[in-house]
Amino acid sequence: MASRRKFLTTAAIGGGAAAASTLAAPYVSAQSPIRWRLQTYSGAPLGAHVIKPQIDAFNRAANGEMEIELYYADQLVPTDELFRALQNGTLDAVQSDEATMASPVDISVFGGYFPFATRFSLDVPALFNYYGLNEIWQEAYDEVDNVTWLSSGAWDPLHIFTIDPIRSLADMRGKRVFGVPTAGRFLSRYGLIPVTVPWDDVEVALQTGQLDGVAWCGFTEAYEVGWADICNYALTNSVTGAWFGSYFANTASWNNIPPHLQELFRITIDQSHYYRAVWYWGGEAQLRVHGEKMELTSLPAEEWAQVTADANGFWDEIAGSSPRAGRVVQAFKDYAANMEAAGYPYR
């Protein structure tokens, strides 16, 4: 542990020194490749889909001018320290949601799973591109020193996977689940207990009884990372349709790379957004129908109606936390109203 802390301290100091020197010196040539360290929120099995294809593509296309070293959850710094490590230069880039990495902005509550904000993965880019979320996210991070927000995209829907079945709201009471902060905050009103453990420890925690389930992902991830091998039941009621995840860069590191490599990184981010959208969309349907590892359960219709109604109060509570949060919630409301009015195939 001491050597690890020493490494992190040295890296932070070195990152700061490198940032200072590179800000003073313009980019000259590609003979000495620029090297970045990027850490994702996800463990290696999941990271193989949510980010590795992008990093591999970038490194090939950079043609020796730059190389990104990819690290998975908790490999260099604990996940809840990602933002600080990015800000101080220990990391050059991060892929995560705001809530999981404790981003100090007033919109961090919307990162990850915000209850019922989305129904489909395409809702996320639509909200960012057509309903003002791009501008709101940019505005929020412009107020933070040395962190540059680059892009947000969609991940999978949120389901609850457990060892014992959930067939009613009463069955949630007392169940300890690994999950993302905002959804856990909402679900705790029904007695679910959010528990935080390192991502790589979730499987063992399920096996030893430290956890009763996970409220972190959809079917595709549950099968991919092995949690479906331990959990016996899957609740089909989805608290939201897609996770909000973002890419961030250390501002000094970002400004130190030439425009064509900045553009290449943005292009491969978009490639990653596309890859995930297809992987999750196809996987969710396939595994709900043909997956054999977990039995499907559902809440009674009247109880589920109560949950969706409760979400309205939760939205209003969050909207009152800051004017900017209020603008995000209003965008969600406007979007939902338009989708309902449009009808099939939107709603």
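Start by selecting T118, R119, F120, T240 and G241, which lie nearest the centre of the largest pocket, a site lined by 31 residues in total. A pocket is an open set of points on a 1 Å grid over the protein atoms alone, with protein on both sides within 12 Å along at least five of seven lines, whereas a cavity is a set where a 1.4 Å probe fits but cannot get out; lining residues have an atom within 4 Å of a point. The model is predicted, so local features need pLDDT of at least 70 and side-chain atom pairs count only at pLDDT 80 or more, while totals for chains, interfaces and linings use all residues. Residues are numbered from 1 along each chain as its sequence is written, and side-chain values use heavy atoms, with hydrogens and water left out.

Next, colour strand 9 (233–240), helix 11 (259–290), helix 12 (301–319) and helix 13 (323–342), each of which supplies at least two residues of the lining of the largest pocket. Helix 11 gives the largest share of that lining, 6 residues.

Buried means under 20% relative accessible area, exposed over 50% and partly exposed in between, with a 1.4 Å probe and protein chains only. If residues up to four places away in sequence are set aside, T240 touches Y113, F114, P115, F116, A117, T118, P157 and L158, contact meaning heavy atoms within 4.5 Å.

Now move to the largest cavity by selecting Y41, Y113, W155, D156, W216, C217, E221 and W243, the residues that line it.

Leaving out residues up to four places away in sequence, W216 touches Y41, Y113, L158, H159, F178, G179, V180, W199, E221 and W227.

C217, another residue of the cavity lining, is the next stop. Is C217 buried or exposed? C217 is buried, with a relative accessible area of 0%. Draw the distance from the sulfur of C217 to that of C231, its closest cysteine sulfur, and the value is 8.8 Å, which is too far for a bond. C231 is itself in no disulfide, and C231 is also buried, at 0% relative accessibility. The structure as a whole holds 0 disulfides, a disulfide being a pair of cysteine sulfur atoms within 2.5 Å.

Finish with the backbone. Most residues other than glycine have a negative phi, and most peptide bonds are trans. Select N63, which has a positive phi of about 55° although it is not a glycine; N63 is found in the loop between helix 3 (52–61) and strand 2 (66–71), and at 66% relative accessibility N63 counts as exposed. D74, in the loop between strand 2 and helix 4 (82–87), likewise has a positive phi, of about 70°, without being a glycine, and at 23% relative accessibility D74 counts as partly exposed. Last, go to P345 in the segment after helix 13, where the peptide bond from Y344 to P345 is cis, with omega near 5°.

Terms used
Helices (H or I, at least four residues) and strands (E, at least two) are DSSP runs, numbered from the N terminus.
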